[in-house]
Amino acid sequence: KGLKQQGYDFPVHDIVQLASYHVDASYIRTVRDAGYKDFSAADLTQLASYHVSPDLLKGLKQEGYDFPVRDIVQLASYHVDSGYIRAVRDAGYKDLNAADLTQLSSYHVNPELLKALKSQGYDLPVKDVVQLGAYGVTGSYMTGLKTAGLDKLPVRDIVKLKSYGVTPEYVKATRDLGYQFTTDDLIKLHSYGINQAYLQRLNDSGMKKKMTADEILKLRGRI
């Protein structure tokens, strides 16, 4: 009766398949209400088997996605929900496929990071965004680096800075004292414990020109 009410006219073997996977009329109704009206019995069975929620289906339609069932199942398998998809699109990433969305979600890439990247003019492929997320780079970290004067860095440099614990505050402190260190310089100095107070002492010592990172490291322990 439920199938007839929803406009389906499945043969007996399809009806048996649906019943075997506990696909009931209520679930079929919610799928149709979400905008998916032409699914086969096999499609409905797959969706129900992977516990695809009507909320995900509705969210995909609302965001303009028209993924095939296998892609919807993939998203559900990795717990990608409609809220995450909406946040990704709101951050400026509108043309991603199911594999892209799955990757971003799997590596816990926060939409805040996506938004920061877009606002700073980065146009990175998903694999690079995933790399940033995997190393714990956040939107606030990116914003901090830009505020400190480091803008449009290559992904490898951002990852290195984050991996070695170089904070935006550390970068800003060196810039405020007049130094223009490279990414590698910052990592070396930070790794050897050269802090703002030490750099300030160098400034106060009366040296007329700014020293390079290597010169500072040679002096370490003497001043």
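Axes here are lines fitted to C-alpha atoms, for helices over the stretch in contact, and angles run from 0 to 180 degrees between N-to-C directions. Helices are DSSP runs (H or I, at least four residues), numbered from the N terminus. The model is predicted, so that local features need pLDDT of at least 70 and side-chain atom pairs count only at pLDDT 80 or more, while totals for chains, interfaces and linings use all residues. Residues are numbered from 1 along each chain as its sequence is written, and side-chain values use heavy atoms, with hydrogens and water left out.

**The α12 and α14 pair**
- Helix α12 (residues 155-163) and helix α14 (residues 183-191) have axes that come within 10 Å and cross at roughly 10 degrees; the two are therefore roughly parallel to each other (angles under 35 degrees).
- In this contact (heavy atoms within 4.5 Å), D157, K160 and L161 of α12 meet T183, D184, L186 and I187 of α14.

- T183, D185, L186, I187 and L189 are the buried residues of α14 (under 20% relative accessible area, 1.4 Å probe, protein chains only), and their cover includes α12, α13 (168-176) and α16 (213-219).
- Just after α14, G193 takes a positive phi of about 80 degrees.

- Beyond its neighbours within four places in sequence, I216 contacts residues including L189, Y179, F181 and M211.

Technical notes. Angles under 35 degrees count as roughly parallel, over 145 as roughly antiparallel, 65 to 115 as roughly perpendicular and the rest as oblique. Buried means under 20% relative accessible area, exposed over 50%, partly exposed in between (1.4 Å probe, protein chains only).
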